[in-house]
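Please look through the model shown here together with its sequence.

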Amino acid sequence: MNDPGGKAIAVDETRLGELLTELTLEEKVGLLTGADFWSLHPIEKIGLRRILLSDGPNGVRGTTWDERDTSLLFPNPSALSATWDPEQVERAGALMGAQARDKGIAWFLAPNINLHRSPLGGRHFECYSEDPLLTAASVAGFVAGVQGNGVAVTIKHYIGNESETDRMSYDAQIPEKALREVYLVPFESGVRAGAWSVMASYNSVNGASLTDNRRLLTDVLKDELGFDGAVVSDWFATRSTAASANAGLDVAMPGPHSPWNEALVAAVRAGVVTEDVIDDKVLRVLRLAARTGHLDGFAAPAPSTTPADACEQLRDIAARAMVVLRNEAGVLPLVPAPLGRVAVLGPNAALLTAQGGGSAHVNPAHVVSPLAGLREAFGDAVAIDHQEGVSTQRILPALSADDARDPETGEPGFRVDFVSAAGDVLGTERRLASRLVFMGTLPAGTAEVRVRTDLAVTEAGAHQFSVTGAGQYSLTIGATEPHAITLTSADNDLIENLVKPPEHRVSAELAAGTVRVEMRAAIPAFPMAMFGLNHQGPRAESDDAFAAAVAAARDADVALVFVGTTDEVESEGFDRTDLALPGRQDELVSAVAAANPRTVVVVNAGAPVEMPWRDEVAAVLWAWLPGQEGGHAIADALTGVVEPGGRLPTTFPAVGADSPVLSTQPVDGVIDYAEGSTFGYRAYEQASIDPAYPFGHGLGYTTWAYEDITAAETDSGAVTVEVSVRNTGARAGREVVQLYLGGEGTGGTDPLRLVGFASVTVQAGDAAIARITVDRKTLARWDEPAAAWRVVGGGRTLVAARSAADRRLTTRIELKDSADCTWDL
Ligand code: BGC
């Protein structure tokens, strides 16, 4: 792994101090509030260039939300941590860092390192794991990858942002012990890896909103953990002037409207905020600018650009991250040669859910569907019978640019005019997407956006059109009268409106030919506008589609069923309400399994779903939200070109109700973390509940024997462990050796917890030793009365395991009592 970026670029602090003295109070405060949605004000006189910010973590979106500005779309972060390989996370981070450089982005709003507390959490897909140690390892890799390219990461959302419901206002009441032992661990890892920025979340923790939380921002993050970077607010999270400034928030985003600016200048003049407090913030921003090469006189990071093989790398990472949950009688990997006919079924076969919804969304140049990936992998040797079976889309699909032509130029896509109240056209764009988002990017004076296209109708019959997004519209199809449409949304959350917009449908009986479609959208006063134009051609009745899929399965050598969620199900802005697969997907899998014993289910989802049919099918491959190359990666994994060697970073419950923490709903504004650290695998074990698939589970494509374990305490108090494993299968493979401490049947009171892991890649029949060092700090627990870390001396059991439930070898160690728990790794 590279040096963590924080240490790689030394900053001349004396020079930063000199630059500070050149700034007026107004200039200083001006730097601390966003200039707009995605940038800070430059200050030419000290050589500070404009700093651009961008989301994360699915990829680097850039400063627009526009299909013409494409970005690499990565496997979702839970998939990255499912590799149990910080080097793979670093590899993804390095690609994002390089693309950020190409887009001029210095400040990247990723990674999201909140924990998988409840499987219903809307942003579960965006986070790494339910386990603090696995998350911490992933964070360290990501920071090194991004910052190694001279781009700042932002570890977010600090802290307690495990739910989306009422996310701006709920108070997470987190016991101190759980805060220390679980929720702070990933943030501490990010700070130790040298993260240049932290994002303060929307919610409160223990009574104080994070942007106003002096204890967590200043006492813990900056003073105790030694964070020397800048704390940025989540977007619109700053709600006070002096309180947030004094608490330790450094930058209020976005701008230009903000409770800071002039109000903060006035607060300093009134003596409510000292200028020293402002100076500390400015120094932190200047430090970030210096580290990212945005401040003259400081060494710029080495040049970096997106490598030519980026897509191949995305494909490889995505395949490695996939998890073989079940594989009876070696049905996987599929060997194309004996296959004559393969049924490719399910809603996600042709329509891959490549990413979750929300601010993490990016616009990829292309998305490879599983159907396309398999067609390419199988070539002409295998006949593919594709049937969707069931549909899970709540709203109609976006109108495709492939079927649409700009009415004036005849070019593919949509003609978008920005029209003033007086009817003047202020600007025109040709767009390739029919769902449009404008974040402060509309020409000034725009009162209406007009979208026009000539749609090629290839199939005569009943077509459906719709508009989506809160607002007022007029929709005209062909020569019919315009439909006046008003859509309102139940929720004020911008992101929820973006991802789950209200919809109004209009049917039209069309003949084959060309039809003009025109949508006019009235523009609200707010500088953000988002709306969509959608379309669906004539479709088979749903029962017929279902029956066709089952019939195809019956006739095939293998039935591959692609089920999953959509970005309307897994998204920022709201939580899920249950863990069921949407629509009739469960029914479809059972019917296909009954028709063909060689049924393989590929689940395309980011967070756990119930799989009531899991014992009815031959194999289950968990493919995550695999990013733009997903279809290729799925084909590689199914055919064994790459071993899908992922291990679950989170427990998959048999039914949602078994989850130790299920509700994400605040009660009277409070989310009570009363379970402390007892969630995830720790809780399943304590309650003796068997999940569908345990934390750490993943079969890969070979089998393993655990032969020996030894452990020794070093002089510094760390413990070194060696585990010998043998590949007992017929092909080379990678094993992730997991090391747990304590747990049931091991004596003592230590709850089960992961304390380390290491992977080995071994040829068939060979053995290898996995070496794991467990740091003293990892062995320590938070001593509440003493308010300090402590290793309680005495005997402990260490368990080498294939998952939290598949424990293979144990050994005992004697720990020395120690109150000196600084990191020694
Ligand atoms: C999200 C952040 C994101 C920000 C900017 C917020 O809604 O919570 O994760 O970075 O928007 O898009």
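Q: Which residue's side chain is joined to that of Glu-572 by a polar contact of 2.6 Å?
A: This is a predicted model, in which local features need pLDDT of at least 70 and side-chain atom pairs count only at pLDDT 80 or more, while totals for chains, interfaces and linings use all residues. Residues are numbered from 1 along each chain as its sequence is written, and side-chain values use heavy atoms, with hydrogens and water left out. A polar contact is a pair of N or O atoms within 3.5 Å, where within protein one must be able to donate a hydrogen and the other to accept it, and residues adjacent in sequence count only if both atoms are side-chain atoms. At 2.6 Å, the partner of Glu-572 in such a contact is Ser-359.

Q: Is Glu-572 buried or exposed?
A: Glu-572 lies in the loop between strand 23 (558-564) and helix 16 (585-595), where helices (H or I, at least four residues) and strands (E, at least two) are DSSP runs numbered from the N terminus. Not counting residues up to four places away in sequence, Glu-572 touches residues that include Arg-123, Glu-126, Ser-359 and Ile-495, contact meaning heavy atoms within 4.5 Å. Buried means under 20% relative accessible area, exposed over 50%, and partly exposed in between (1.4 Å probe, protein chains only). Because its relative accessible area is 3%, Glu-572 is buried.

Q: What is the distance, N to O, in the salt bridge between Glu-126 and Arg-123?
A: Both of these residues are among those that Glu-572 touches. Glu-126 is buried, with a relative accessible area of 0%, and Arg-123 counts as buried at 6%. A salt bridge is a side-chain nitrogen of Lys or Arg within 4 Å of a carboxyl oxygen of Asp or Glu, and in this pair the N to O distance is 2.9 Å.

Q: How many residues apart in sequence are the parts that Arg-539 and Glu-388 tie together?
A: Arg-539 forms a salt bridge with Glu-388, with the closest N and O atoms 3.0 Å apart. Arg-539 lies in the loop between strand 22 (528-536) and helix 15 (542-554), and Glu-388 in the loop between strand 11 (383-387) and strand 12 (404-405), so the parts tied together are 151 residues apart.

Q: What is the relative accessibility of Phe-74?
A: Phe-74 is placed in the loop between strand 1 (52-55) and helix 4 (77-82). Leaving aside neighbours within four places in sequence, Phe-74 is in contact with residues including Leu-95, Met-96, Leu-314 and Leu-625. Phe-74 counts as buried because its relative accessibility is 1%.

Q: What is the phi of Trp-624?
A: Most residues other than glycine have a negative phi, and most peptide bonds are trans. Trp-624, found in the loop between strand 25 (619-622) and helix 17 (630-639), is buried at 1% relative accessibility. Although Trp-624 is not a glycine, its phi is positive, at about 65°.

Q: What is the area buried between domain 2 and domain 3?
A: The domain assignment, automatic or from a database, gives domain 2 as 310-395 + 540-687 and domain 3 as 401-536. Eleven residues of domain 2 are in contact with ten residues of domain 3, and the count of salt bridges between the two domains is zero. Buried area is the accessible area (1.4 Å probe) that two parts lose on being put together, summed over both. Carbon and sulfur atoms give 61% of this area, which is about 880 Å².
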